[in-house]
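Here is a short briefing on one protein chain. Have the sequence and the 3D view open as you read.

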Amino acid sequence: MQPSAVSTPGTSALNLRGLGPNRTLVLVDGMRFQPANALGFVDINSIPSSMIDTVEVVTGGASAVYGADAVAGVVNFKLKQNFQGLELDAQYGITGHGDDREPHVSVVFGSNFADDKGNVSVGLDYFQRSIVLQRDRNFYVAGFNDPGTNAGGSYPFLPYAGYDWGSNASFVGDDFVLNAPSPAALTAVFGPGVFPASGTNVNVNPDQSLFYTGLGANGVGAPGYTGPLQPAYKIQTSNGNLGANNLSAPLSLPLTRWSVFESAHYQITDGIQAYSEGSFTQTRVTTSVLASPAVQFWGASIPHDAAHPVPAELETLLDSRNGGVNGVGFIPGVDLGEPIGPNSPWALQLQMDNVLGPRTTVDTSYTYNIVAGLKGSLPVDDWTWNVFGTHGQTSAFSNLVSGFGST
């Protein structure tokens, strides 16, 4: 998960009836709580478990009272009142594989004051989770080794060098690629059936021979490929393409979260009580995705001349590019801006795993919520009144710590 205004890594949201977390209203002591992001749902992790007394759930008719964000229902977390003393809870979890360690410590302490007219309670919560990779589970490894399972990665997300035939190379209609290698050259290198081909379909093996990432003649997938296969790569049966499995994909993201929650009240008179609540939560999650590929304008433009020799198979393809001058004969009346043909520059494109490594980000979010008010009873049956003010804010920061564009 990558952070955005509507995506906050590390959050946990309630989703009654499967209508979406923004249709389940979460209250704390009957009052709205600071949402985690622009979707408007509450991260229930920001409520320390040590402070929770009971939980009320209403699943019918709530939207008539609270509005559209309560269509699925309302969940009201009721906090401990008049708590005195110290309560400590410590847990430690680990999977049967010996990973995904999760220490969790929560503590609440409180005391009455002013002859028991008031009470102050404070809750602290700390939680940590270690990383687990998909490759650490047999069912993911089975998928990596199964050609019928989508690999999830193809060019430019293959850690092999690829080629772009030139800045003016492009598809024209459905029949050929402007400035692409000729059918005869493609057949000479890969065998029959590889045409049309853009540069993004051609990659280089470790021995500098070329291979085609797609399907060739007679159902041959990735013709010319001599590199390794499972579990890192596989030729997929669905389309014959060479795909790359992401062996660094996480199954469980590493997370660290701590929060503090304060609840206080004071009985001014028999019918009037002053109260306040405050909370602060910091969540830090590390996410990792594939490295940024050096493609298109990030690729390296290389002249095609004697001063820049290339492997023989690539030379065959570059020399056969169909050429033309400023697009004449290909797109009538359109000036492509520069001559094209066998002598025009070509571009080397590369997945940057071996250079920069995966793009790793540390996503940190801060949420605070403050409530202060007065409440009391009315001399009419069991009627009550409640006047309060609340203020909250959620801030999220994403720091790219490795990969292209690190900050």
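The points below cover a helix pair and a set of aromatic rings. The model is predicted. Helix 3 packs with helix 4 at an angle of about 165°. Elsewhere, Trp258, Phe280, Tyr366 and Phe397 make up one aromatic cluster.

**Helix packing**
- Helix 3 covers residues 183-190, and helix 4 covers residues 312-319.
- Their axes lie 8 Å apart, at an angle of about 165°.
- Angles over 145 degrees count as roughly antiparallel, so helix 3 is roughly antiparallel to helix 4.
- The crossing of helix 3 with helix 4 is left-handed.
- Helix 3 makes the contact with Ala185, Leu186, Val189 and Phe190. Helix 4 contributes Glu313, Thr316 and Leu317.
- The contact residues of helix 3 and helix 4 split into five nonpolar, one polar and one charged.

**Aromatic pairs**
- The count of aromatic pairs comes to eight.
- The ring centres of Trp258 and Phe280 are 5.5 Å apart, with the planes at 50°, so this pair is tilted.
- Trp258 sits in strand 17 (residues 255-269) and Phe280 in strand 18 (residues 272-289). The two are 22 residues apart.
- Tyr366 and Phe397 pair edge-to-face, 6.0 Å centre to centre and with 70° between the planes.
- Tyr366 belongs to strand 22 (residues 359-377) and Phe397 to strand 23 (residues 384-402), so the pair ties together parts 31 residues apart in sequence.

**Exposure of the rings**
- Trp258 is partly exposed, with a relative accessible area of 34%.
- Phe280 is partly exposed, at 26% relative accessibility.
- Tyr366 is partly exposed, at 26% relative accessibility.

Note on methods:
Residues numbered from 1 in each chain as written. Predicted model: local features only at pLDDT ≥ 70, side-chain atom pairs only at ≥ 80, totals over all residues. Heavy atoms only, no water. Axes fitted to C-alpha atoms, helices over the stretch in contact; angles between N-to-C directions. Helix = DSSP H or I, 4+ residues; strand = E, 2+ residues; numbered from the N terminus. Parallel < 35°, antiparallel > 145°, perpendicular 65-115°, else oblique. Left-handed = near helix turned anticlockwise from the far one by under 90°. Contact = heavy atoms within 4.5 Å. Nonpolar A, V, L, I, M, F, W, Y, C, P; charged D, E, K, R; others polar. Phe/Tyr/Trp six-rings, centres within 6.5 Å; stacked < 30°, edge-to-face > 60°. Buried < 20%, exposed > 50% of the residue type's maximum accessible area, 1.4 Å probe, protein only.
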